[in-house]
Number of protein chains: 2
Amino acid sequence: MEQQKTSTIGNSSHSVEIGMETEVHRVAPPPRRSTFHKLKARLKETFFSDDPLRQFKGKACKTRFLLAAQYIFPILEWGPKYNLKLLKSDIVSGLTIASLAIPQGISYAKLANLPPIVGLYSSFVPPLIYAVLGSSRDLAVGPVSIASLILGSMLRQEVSPVKDPILFLQLAFSSTFFAGLFQASLGFLRLGFMIDFLSKATLIGFMGGAAIIVSLQQLKSLLGIQWSWQTILMGFCFLSFLLITRYISMRKPNLFWVSAGAPLVSVILSTLLVFAFKAQNHGISIIGTLQQGLNPPSWSMLHFHDSYLGLVLKTGLVTGIISLTEGIAVGRTFAALKNYQVDGNKEMIAIGLMNIVGSSTSCYVTTGAFSRSAVNHNAGCKTAMSNIIMAVTIMVTLLFLMPLFRYTPNVVLGAIIVTAVVGLIDVPAAYQIWKIDKFDFVVMLCAFFGVLFITVQNGLAIAVGISIFKLLLQVTRPKTVLMGNIPGTDIYRDLDHYKEAICVPGFLILSIEAPINFANTTYLKERITRWIDEHESEGRNDAKKPPGLKYVVLDLSAVSSIDTNGVSFFKDLRMVMEKKNLEASYLLVLVNPLGEVIEKLQRADDEKQFARPDCLFLTVGEAVTFLATNIKNQPTLHL
Amino acid sequence: MEQQKTSTIGNSSHSVEIGMETEVHRVAPPPRRSTFHKLKARLKETFFSDDPLRQFKGKACKTRFLLAAQYIFPILEWGPKYNLKLLKSDIVSGLTIASLAIPQGISYAKLANLPPIVGLYSSFVPPLIYAVLGSSRDLAVGPVSIASLILGSMLRQEVSPVKDPILFLQLAFSSTFFAGLFQASLGFLRLGFMIDFLSKATLIGFMGGAAIIVSLQQLKSLLGIQWSWQTILMGFCFLSFLLITRYISMRKPNLFWVSAGAPLVSVILSTLLVFAFKAQNHGISIIGTLQQGLNPPSWSMLHFHDSYLGLVLKTGLVTGIISLTEGIAVGRTFAALKNYQVDGNKEMIAIGLMNIVGSSTSCYVTTGAFSRSAVNHNAGCKTAMSNIIMAVTIMVTLLFLMPLFRYTPNVVLGAIIVTAVVGLIDVPAAYQIWKIDKFDFVVMLCAFFGVLFITVQNGLAIAVGISIFKLLLQVTRPKTVLMGNIPGTDIYRDLDHYKEAICVPGFLILSIEAPINFANTTYLKERITRWIDEHESEGRNDAKKPPGLKYVVLDLSAVSSIDTNGVSFFKDLRMVMEKKNLEASYLLVLVNPLGEVIEKLQRADDEKQFARPDCLFLTVGEAVTFLATNIKNQPTLHL
C-alpha cells in the first residue's frame, strides 16, 4: 500500500473534469503541541541548532564520560591515535609555520605598538592551549595583522605607546583578557551567531580599509625616519622580494613554501647585511637588544578598576569579535576542504580561553591566522600537533636565539607587514559583490571608507548597522507578488517573472513573501488595498487583467510566521474588503497557511471565518478550480 | 485563444504516464531590468508605497495644481462641497467634544505638571490647524493623557515644576516644538513606517503601565493632600459617577453622550457645590483664578541652546512618537469604519505642524485623542469642521468663562483623569495576546513592568528592543521544513504538519522559509548538513524515511531574497555535498527560485551549475517526477 502511494507521485491523478465535483485537500492545523514543547523546540533550534548532545544518546555512562572529556578536550580524541607518520607531517608543517610566525610575530607586535618580543610570546603560549582545546586541525594560532592594528589604534587614541609604554602594555594585556572573556562567553552562552552579523561585504570592505591604513603607517618605517637612502633601498628590495615570492606562491599553490620561507629569509639576510656593513650607523634603525627567556607572568598587569576600564572593555570587545570572526572563518574553511566538522561554539571557547591565559602570560590578542593556516594546510599538517611543534620552535628561539635579532632592521618588518596586508585587499571579491548585489556593495564601501576616514570601530559599526537596517527594511516592506496561471497546468507564478503566465478572470492572486508582523501589517494592508484598487480600475483597459473581481486569493506559502498584529491584519483586511462591497461571503481566500499561521489564525478566530472550507485551500490551483466551478454546489471534501 | 487558455486552469492536463517523457516547465530568470530601474522600484516601494502621485497621472496642468493644493490642504477638498446639513452634524459633534475637551484639557495639563490653562490653550490652536491640514474627518485634536504623562514625568526628572515653574513651562514648549519637528520630518521624509515598530503588544503593555502610574499619581488629589473627609467623599462620589456613565456608554454605544457629558457635568456640579458650601475652607483644594484671554505667544520661551537641550530633544522624541502613534492609529481606525483613506505621511506632517505652531502659542503636545474621537464619531461628525466648532467653543470659554472655573475642585480633575486612563488598561486584549502569541505577551509584560518600575522611556525602549530582537532572531534562525508528498497528488507539504504526507524514497525535500542572507547562511549550512546526516542515519530504522539518499531538493518558494553571502551558501552547500560522496552530478536540486534569487544565482554562477535543467525546477512535483523517472533520458523541455 505504502509502495503504491509513493509510486504515483507527480501523476496528477486527482484532476477531474471541470464542472463536476472537484477534490479539494483540506488545510488542517498542525498536531497540537504544548507551549512548553514549542518553547523547548524553539530554544533548541536557536541555541543548540548543531545538537551537540546527539552523540551522547543511548551510550553507557562510562562511554558518555569519555565522550564528554573528548568533547571538552579534542586532544583526547586524536591524541591516543597519534602515530609517527602523522608526527612526521606535523613536524614539517610546524617548522614551516614557525619560520613564518617568528618574523610575523615580531612585525605584528610592532603594528600594535607593542615591544617586538610580545609577538613572540604570543606565538608560544596560545598555540599550546589551542592544541589541547581546539577542534580545527589546520588552524595556525598566533598574532594577526587586523587585530594588532585595531588593538594598537584603539588604545593609542587615549594613551601614547611612546610616552607611557608600561601603561600601554598593561592596557593591551587587559584588553586581551576582556577579548578572551568575551569570546569564551559567546561560545559558552551559545551566542556564536552574533559574529554572523559581520557579513562578507562588511568584512571585505573592512579588511581593505584596514590594509590601506596599515600600509600607509608602514610607509614611515619603509622610508626611514630620517629619509636615509639605505633604508629606502633596503625596504624597496625586500618588499619586492616578498611580493614576488607571494605572487609565485599564489600562481602555483605547490610552491607555497616560497612565500612561507621568504619572511624568515628576509630577516636573516637583512640582519646579516646590517651586521656586515654596520648599517645601523648609516641611518637604518634596528630592533635592538631583545630580552632572552620565556614569557614572564603578566597577571599583575591586568587593570580592571581604573579610569581606563571603558577603553579596555571597548577594545577587548572589538578586537575580540574581529579576531574571533577570522579564527572561526579560517577554521570552517579548512574543515570544509578536509570534510570534518568544526563546532563554532567550542572554537569560541578555545580561542577565548587561549586569550584569557595569554593575557596573564605576556601575550596579546591571538587567533587563527588565515595566511599561516593556509601554509600549515599546504605543508601537510595533520593535527593540532603542528601548533605544538611551532610553539616548541618559538620556545627554542626565545631561550637561545634572541641575540641574533639584535641587528634586524625595522624596515624589513615593515615590508613583511605590507606584504601580509596586501592580500587583504580583495578586488575580485569586491567586483563579485558589485555584480551580485548592489546593496551589499554599498555596505562594503561604508565599511571601507568608514575604517579609512573615521575610525576602525566606527567604520565597522556603521557597516553592521546598515546591514541590520537592510534586514529590518526587508521585513518592513515585504514583497507582494501578483500571480497568474501558467497555461495548461495548475501552477501559479509571478506574472512579472513568467511572461507566459496569465491572469484568471475574477481572481486577484497575491503571494506575500515574508512573515506578517507588527513591522509590516500597516504596509501590507495599504499595499493589498492598492492592488485591489488597481486591479479593479486597470482591468477595464488591460486585456491581461480582466475586470469583475470576485476573489482575493492570498498565497501564504512564504509567510513563515505571524504575530498578534498579523492576526489583526487578516481581520482588518476582511473588513476593508467588506466595506468595498465585493461579494462578501467568498471574498478573502487563504492558500496554504503554514502550521504556525493557521494555528494562530484559528485560535483568534471567534467567528470561525478562517475555518470555512471555501476560503481555505491547500494550493492556489485547487482554490481557483473549486471557486470557479463549485460556487453553488456543496464542496466535496477530500481527506 | 486567450479564452481557451484560461479555461483549462486547474485541470492538470500536463500529467502523463510515468516512465514516459514528462513535461517540465523551465525556470527562467525574470526579464532584465537595469540597476537603476530596480533601485527606483525598490525606493518607490519603500518610501512611496501608497503611490501618492497616482491621482496626478494624465491630468491637465491646471487640474494638477488644484489637486496638489487639495493634497496639501485637504480643507480645499471638502470645503467647497460643504453645506448646511453637514454643518448641523458638525455643530452637534463639535459642541459635544468641546464639553469633553474643556474638563479633560484642564485635567491633562495638571497631569503634565503644567498650569491648567495650558490645557485649554492646547485645545484651541492645534484643532484649527489640523482642520486645515488633516485628512481624517473624525479625529478630535487636543491634549491626551499618555503624552501628558510622559512629558510631565520626563521633564520632572531634571527640573521641578514646583520650584521652577517658568523653566518647566519653557522646557515643555521646547519639547513640544521638537516633538512637532520630529513628527513633521517623519512625514516629510516618508519615514512613517518608523512608528510601526511599536507593536500592538508593546502599546497595550505600555498603556496599561502608564494608566497605573497615572492612577496612583491621582490618588493624591483624590484623597486630598491633608486627608480631608470632604475631599475623599467628593472624589469617591464623582469617580463613581464618571465610571458608571462610562460603563453605560460602553454597554450601549447609542448612549455615548452619557459619558461624553459626564465630565462637564461633574465639573459644573462640583464647582457649584464648592461655591455653595465654601468648601475650599474645608480642606478641598480648588484650581484658583485662571487668566482670561486667548493663547499668548510663546516663541520667546523656546530654548534651543542651553544645558537642557538633550533633555528637551529626548522628551520631544518620545512624546512625539507616542502621540503620533496614537493620532495615526485613531485616524486609521475611524477611516476604516467609514471607508475613506487616511494618508499616514500626510497626517504626520499635519500633526507635526500643529505641534510646531502650538509650541509658539502656549500649547503643549497634542494629537488625535482616542476617547474624544470616538465621541466625535458617535456624535455624527462629518468633516474636520467639528474641530473648528470645538476650537470656537474653547475660544469663547477662554475669553469669557474662565472665572467660572475658579472654584472647581482639583479632586474632580483627578477623577476625570482616572476615568480616562482606566480605559487604557485593556485586559481582554492582553488575554487575546496571551492566547495567540506567547512571545508577544512577554513583550507586553516587558513594556508594562518597564514603564511601571523603570521609567516611561526605558520601558518603551526595552519593549521595542525585544520586538526587534525577535525579528532578527527569526531572520537568524529561519525554519527549514522537511516536506513529503500528499498521496495521490503532486502536492508537497510539511511532514510534521500534514500527517498523511509521506517521504519519497531517495529524496530529501526541504523548504527554506526565509530570505537567505549573511545572518543565517552559517546556520542554514549546518542545519541542512544535519538534515542530510539525520536522513541518512535514521532512514535505516524508520519506515517513513527510507534510506539511499540521492537528491536534496530545496524548495525556495519562500526565499524572497538573497545577498552575496546567500549566493556563497549555495556554492558551499554544493561543495559540502560533493565531499559527502553522494551522487555528485544530480545532487542539489533547486525548486522555484524567485526572480531576484535566480537572477543573482545565475549572475554569480560561472560554472553554469545553477542553469542546468536537471537541477532547477518550477515545482517540487515536477522535480521529483522528472528525477525519479527520467534520470537517463534526456529531458523534454516545455516552453
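**Close-up views of a predicted two-chain model**

**View 1. Strand 6 of chain B is a mostly covered strand.** Strand 6 (residues 507-512) of chain B has six of its six residues buried. A residue is buried if 20 or more other C-beta atoms lie within 10 Å of its own, exposed if 12 or fewer, and partly exposed in between, with C-beta atoms placed from the backbone. F507(B), I509(B) and S511(B) point one way from strand 6 of chain B. L508(B), L510(B) and I512(B) point the other way. Helices (H or I, at least four residues) and strands (E, at least two) are DSSP runs, numbered from the N terminus. This is a predicted model: local features need pLDDT of at least 70, side-chain atom pairs count only at pLDDT 80 or more, and totals for chains, interfaces and linings use all residues. Residues are numbered from 1 along each chain as its sequence is written, while chains are lettered from A and ligands numbered from 1 in the order in which they are written.

**View 2. Strand 6 of chain B is joined to strand 4 and strand 7 of chain B.** Three bridges join strand 4 (residues 480-485) of chain B to strand 6, and these two run antiparallel. L482(B) stands opposite L510(B) of strand 6. Strand 6 and strand 7 (residues 551-555) of chain B run parallel, joined by five bridges. Here L508(B) has V552(B) of strand 7 as its bridge partner. Two strands pair if DSSP finds at least two bridges between them.

**View 3. The strands of chain B form an open sheet of six, with mixed pairing.** The order is 5-4-6-7-8-9. Strand 5 (492-494) and strand 9 (616-617) of chain B are the edge strands, each pairing on one side only. Strand 8 (residues 588-591) and strand 9 of chain B run parallel, with two bridges between them. L590(B) has L616(B) of strand 9 as its bridge partner.

**View 4. P409(B) sits in a loop of chain B.** The loop lies between helix 16 (385-401) and helix 17 (410-422) of chain B. P409(B) is buried, with 27 other C-beta atoms within 10 Å. Leaving aside neighbours within four places in sequence, P409(B) is in contact with M234(B), S270(B), V274(B), I284(B), S285(B) and I286(B). Two residues are in contact if their C-beta atoms, placed from the backbone, lie within 7 Å. P409(B) and V267(B) are 142 residues apart in sequence, yet 8.0 Å apart in space, C-alpha to C-alpha.

**View 5. Helix 22 (residues 564-579) of chain B has 16 residues.** Helix 22 of chain B reaches 23 Å from its first C-alpha to its last, close to the 22 Å expected at 1.5 Å a residue. The expected span is 1.5 Å times one less than the number of residues. Among the buried residues of helix 22 of chain B are F569(B), F570(B) and L573(B).

**View 6. Chain A and chain B meet through 97 residues from each.** Helix 22 (residues 564-579) of chain A gives the most to the side of chain A that touches chain B, with eight residues. That side of chain A divides into 37 nonpolar, 34 polar and 26 charged residues. Ala, Val, Leu, Ile, Met, Phe, Trp, Tyr, Cys and Pro count as nonpolar, Asp, Glu, Lys and Arg as charged, and the others, Gly among them, as polar.
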